[in-house]
Amino acid sequence: MMRHQSPISGIASDHHLYIATAGYDNRIILWNGIDHSPIAMGHHDHLANQCEFSPCGQYLVTSSSDYTARLWSVPEMKLISIMTDHQDDVESATFHPTLPLIATASRDHYVRVFDFNGKLLKKCIGHTADVISVQWIKESAQLISSSDDGTVRVWDMHSENQIAQLNDTGVETDTIAISHEGVVYAGDDTGHIHIIINNNKQSVSAHQSGIKKIVYHPARKKMISVAYDRKAILWDILSNGKIQRLTEFTLPNIIWARSCAFHNDNEIIFATFGDTYALYNHKTQSWQLDHINDTHGINTISADEDGIWTIGDAGLLKKNEKAEKEFSSLCNFLIRCGDTRLTGGQSGEIFDTVSQEIIYKHYSPLNCATQFIHQNEVYIAIGTYTGEALIFKQGVSGKITHVDTWQLHHNAIKGLASQNHLLFSVCATGAVAWHDIQGNALHTHQDAHDKIANGCVALSNNQFASISRDLTLRIWDGNQFSLSSKIDTPHTHSIKCIATDDSHRYIATASYNGLMAIYDLKNTAWQVKRLTHRGISAICYDKTRHLFLASSYDGMIYTVEVTTC
């Protein structure tokens with residue numbers, strides 16, 4: 001069936017006739033924009049991130065974590081060319097308004113320009129972190145890009161040189177849009193929209209958390225912004241280029257606030273965690289969601305004496321692969337707390353899995369969780385996209401309550417681990433931090449990893465391990481708050497997750513392309529296993545069966561035994 005099997009991360013519309021979606025199942029699907037039926041499909045070799053139609057409507061360009069952008073014909077979805085040379089994920093690609101040129105933004109820090117044959121023409125060097133968004137400035141040879149280095153830069157394609165740096169807040173900036181008049185709108189991770197007019201900047205506080213997409217509608221002089229606070233705001237573009245809020249609406253849990261597009265005068269289309277896109281009519285303020293089916297990727301896995309537990313895209317909690325409860329919200333973590341388990345994710349809601357009650361709601365998505373003991377009492381720490389650790393405690397009556405919030409980072413916490421009096425965390429900036437629970441002191445290593453850190457685990461003797469998009473495994477000394485060792489891994493794509501066995505001798509790591517690699521700390525050697533061609537989302541150690549369990553975005557659970565040397 002021509003539907004997505006994993007969440008949709010990118011979406012585009014072409015003159016009401018077609019809609020394109022890019023999914024984490026590596027699929028690109030072209031849809032009929034009128035009756036919403038699927039027409040044709042293409043594939044990448046890894047996650048498909050974003051897509052865009054050409055101004056003439058005859059082509060579609062897609063960007064992917066397989067380190068390529070690809071050009072397709074519309075409506076046949078025939079592959080025309082592959083744009084290579086990238087050394088990391090391609091986050092976005094965009095057509096020149098009048099010339100047969102495509103610009104790409106990559107996490108390898110470069111902006112590139114290709115022709116339609118896939119030939120690399122230019123490479124703009126200057127960003128010091130991942131480049132997330134790129135746009136052409138009207139019909140000129142100039143480009144504008146935004147990056148995780150907190151800057152917005154203007155480039156001359158011919159010379160490949162930087163012309164100007166329009167914004168330098170130091171805050172990660174994921175999305176930019178440009179009006180026909182040349183006004184630049186940039187959305188950052190603090191929820192601000194920066195309006196840049198002739199080098200003059202005004203900042204508007206728009207959202208409570210990171211803005212993931214800004215889309216400009218030139219004909220209607222409108223703009224929409226979506227953010228991880230689960231809000232979408234429709235803006236009116238005034239004659240002086242400034243913006244005026246028209247309406248704000250909350251996104252349903254099925255919506256992934258990563259991408260949206262204007263489809264026609266009344267409808268806005270949204271990326272979802274389901275198998276197709278959603279439509280919102282801003283005139284009638286109504287959603288079309290009934291046609292969306294759940295996808296069944298697993299996002300996390302845990303094992304204890306009660307069984308093997310999983311939860312994922314559809315918020316379906318399973319025990320030993322049988323459905324237990326449904327939370328209708330994408331969930332990223334599972335953590336035991338007394339007689340229950342807590343879960344939560346993109347909606348910012350934290351659920352008690354026994355009562356199914358929402359015990360707390362945060363204003364940004366939730367990533368991870370760990371348990372720690374302080375003064376002989378058990379606490380739960382939950383990591384947020386906005387850098388806080390939410391601290392919970394179960395009282396004598398069994399009621400779980402929020403007791404504190406610790407600001408560990410100023411960007412998304414991607415992993416948490418605890419040992420003795422230390423709470424260790426890794427951040428999307430690549431930073432790591434140790435929070436001394438007894439002394440209430442924070443020790444941070446800002447440049448711990450070269451790229452996004454995705455997970456961590458406690459070892460022994462106050463040591464911790466972390467993994468990253470930089471393809472390294474790093475061991476940290478919590479006594480000295482320093483790096484003990486940096487270990488190259490066999491991975492070729494971003495390492496997503498990490499776990500260790502009871503003895504802390506073996507460290508299991510797994511990546512977005514389905515490769516699992518287990519490091520033997522004693523013999524300093526790797527064991528490599530291919531589990532699937534889809535991403536591994538989480539790993540845990542099953543103490544009962546003495547093996548590792550890996551959950552995947554393909555909905556499967558894989559068992560991995562360690563070969564003892």
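**Notebook: cavity, pocket, strands and rings**

I searched the whole structure for cavities of 30 Å³ or more and found one. This is a predicted model: local features need pLDDT of at least 70, side-chain atom pairs count only at pLDDT 80 or more, and totals for chains, interfaces and linings use all residues. Residues are numbered from 1 along each chain as its sequence is written, and side-chain values use heavy atoms, with hydrogens and water left out.

**Entry: the cavity**

I noted the terms before going on. On a 1 Å grid over the protein atoms alone, a cavity is a set of points where a 1.4 Å probe fits but cannot get out. A pocket is an open set with protein on both sides within 12 Å along at least five of seven lines. Lining residues have an atom within 4 Å of a point. Grid points are joined across faces, edges and corners, and a volume is the space filled by probe spheres set on the points.

The largest cavity holds about 40 Å³ of space. Which residues line the largest cavity? I listed Y24, N26, H46, L47, Y512, H533, R534, G535 and Y553. By class, this lining has four nonpolar, four polar and one charged residues. Here Ala, Val, Leu, Ile, Met, Phe, Trp, Tyr, Cys and Pro count as nonpolar, Asp, Glu, Lys and Arg as charged, and the others, Gly among them, as polar.

**Entry: the second largest pocket**

I read a volume of about 250 Å³ for the second largest pocket. Its lining has 16 residues, of which I137, L166, G182, V184 and N198 lie nearest the centre. The elements giving two or more residues to this lining are β14 (142-147), β16 (162-168) and β19 (192-197). Strands (E, at least two residues) are DSSP runs, numbered from the N terminus. Which strand gives the largest share of the lining? The answer is β16, with three residues. The lining divides into ten nonpolar, four polar and two charged residues.

I turned to strand β25, residues 255-262, and asked how many of its residues are buried. Eight of eight are. Buried means under 20% relative accessible area, exposed over 50%, and partly exposed in between (1.4 Å probe, protein chains only).

β25 pairs with strand β26 (residues 267-272) in the antiparallel sense, over four bridges. Two strands pair if DSSP finds at least two bridges between them. A hairpin of four residues joins β25 to β26. A261 stands opposite I269 in β26.

**Entry: aromatic rings**

I searched the whole structure for aromatic pairs and found 22. Rings of Phe, Tyr and Trp (its six-membered ring) pair if their centres lie within 6.5 Å. Planes under 30 degrees apart count as stacked, over 60 as edge-to-face and the rest as tilted.

I looked up F270 and W287. Their ring centres are 5.2 Å apart and their planes stand at 50 degrees, so the pair is tilted. This pair links distant parts of the chain: F270 is in strand β26 and W287 in strand β28 (residues 286-288), 17 residues apart. F270 is buried, at 1% relative accessible area. W287 counts as partly exposed, at 23%.

I also found one aromatic cluster formed by F424, W434, F464, W476 and F481.

**Entry: charges over rings**

The cut-off is NZ of Lys or CZ of Arg within 6 Å of the ring centre and within 35 degrees of the ring normal. R258 lies over the face of W256, at 5.5 Å from the ring centre. The charged end of R341 sits over the ring of W309, 3.9 Å from its centre.

**Entry: loops and backbone**

Where is A314 found? I placed A314 in the loop between β30 (307-312) and β31 (316-319). A314 counts as buried, at 11% relative accessibility. A314 and I254 are 60 residues apart in sequence and 8.4 Å apart in space, C-alpha to C-alpha.

The peptide bond from V74 to P75 is cis, with omega near 10 degrees. P75 lies in the loop between β7 (69-73) and β8 (79-83).

F481 came up again here. F481 is not a glycine, yet has a positive phi of about 55 degrees. I located F481 in the loop between β47 (472-477) and β48 (482-488). F481 is partly exposed, at 26% relative accessible area.

T524 is not a glycine either, and has a positive phi of about 50 degrees. T524 lies in the loop between β51 (515-520) and β52 (525-530). T524 counts as exposed, at 54% relative accessibility.
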